[in-house]
Amino acid sequence: MNTKTKQLLDRLNETHTLELDEYEYLLSNADEESMAYAAAYAVAYQKKYYGNKVYIRGLVEFTNYCRNNCFYCGIRKDNNACERYRLSVEEILDCADTGYDLGFRTLVLQGGEDAFFSDEMMCEIIRGVKDSHPDMVVTLSIGEKSRKSYEAFYESGARRYLLRHETANPELYRKLHPKEMSWENRMKCLRDLRDIGYQVGAGFMVESPYQTMRDLAYDLKFIEEFHPDMCGIGPYISHQDTPFSDKKSGTLNVTLYCLSLIRMIYPQVLLPATTALGTIDAKGREKGILAGANVVMPNLSPTDVRKKYSLYDHKICTGEEAAECINCLKGRISSIGYEIVTDQGNRAGF
């Protein structure tokens, strides 16, 4: 680690802000020593605000239909090789019941942008979960909607919304998405969600096609300025049935470094160790936690559909990441000195 890198990391630890060029410098000059140095700072904040607690969210991937054609995504509309499915309202509520019995107090309903699930149907699902389990927090991850839709979901009882911005650089956004999708609208949705009162999650892909370290610096600056309650990041992983099938996937180390930097930028943020991390490395989620993450999201979806929600190749979808094996996951997390907890897990200070 060179002197400038150390100085920048020390200053980021003190002020939680750097200039864009400085973030780019950190990313461009990363090595094992600087990663370990950043992780030490990140874990100190993680322990300060959350102790050794790791929060779990029960993930229900309820539809893999999507109206969009994002060039990197395995459930894009034009992927005819994708075996489509939708869960019924009853099946979704059954997943919520199962999760509650397993100890989950946060439910994440995630799906493609599927018009079959109207606002009325989503509100019915949200109310169904809350009627049965008033102390369960409902999180939505269903893409870009109108402000009116977001308001209806909130009034029905949803309180968190995950909407990855994917990249803070509009030019890169246009390279990753078809022309009918708009970076400006994605940002408007994030602002609407915050204005309505949601706990808002943003996030980005690490080392996606065409991404430079400058682009990643934009993402770090965006996290600094927007201060999302949650920030979901993961390595880009290619999918064989997309236009980016020949593109190189992202790496574990750059993703871990970004996790540590985000924790330093915003110490109270809720930061998942994602399934994508666990996909590219057998101990990826444990390594994510040791870099500053404090959330994991086991899968509550019915076992017969888990492999069908294939955003990228080789996604792990059975075994210890599954919600039914919560004791296996507890053991893995305990082995690195942390504890799985089942409360709602709000952002520190919320």
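How many helices and strands are there in the protein chain? There are 13 helices and 11 strands, counted as DSSP runs numbered from the N terminus (helices H or I, at least four residues; strands E, at least two). This is a predicted model, in which local features need pLDDT of at least 70 and side-chain atom pairs count only at pLDDT 80 or more, while totals for chains, interfaces and linings use all residues. Residues are numbered from 1 along each chain as its sequence is written, and side-chain values use heavy atoms, leaving out hydrogens and water.

**The sheet**
- An open sheet is formed by 6 strands in the order E2-E3-E4-E5-E6-E8, with parallel pairing (two strands pair if DSSP finds at least two bridges between them).
- Its edge strands, each pairing on one side only, are E2 (58-63) and E8 (230-231).
- Strand E4 (residues 137-141) is joined to E5 (residues 158-162) by 3 bridges, and Thr 139 stands opposite Arg 160 in E5.

**Helices**
- Helix H8 (residues 183-196) packs on the sheet, touching E5 and strand E6 (199-202) (contact means heavy atoms within 4.5 Å).
- Helix H10 (residues 252-265) has 13 of its 14 residues buried, so it is largely enclosed by the rest of the structure; buried means under 20% relative accessible area, with a 1.4 Å probe and protein chains only.

**The whole chain**
- Of the 350 residues of the protein chain, 60% count as buried.
- The C-alpha trace spans about 60 × 45 × 35 Å along its principal axes.
- Among contacts with a separation of 6 or more, 75% come from residues 24 or more positions apart.

Methods
Axes are lines fitted to C-alpha atoms, for helices over the stretch in contact, and angles run from 0 to 180 degrees between N-to-C directions. Buried means under 20% relative accessible area, exposed over 50%, partly exposed in between (1.4 Å probe, protein chains only).
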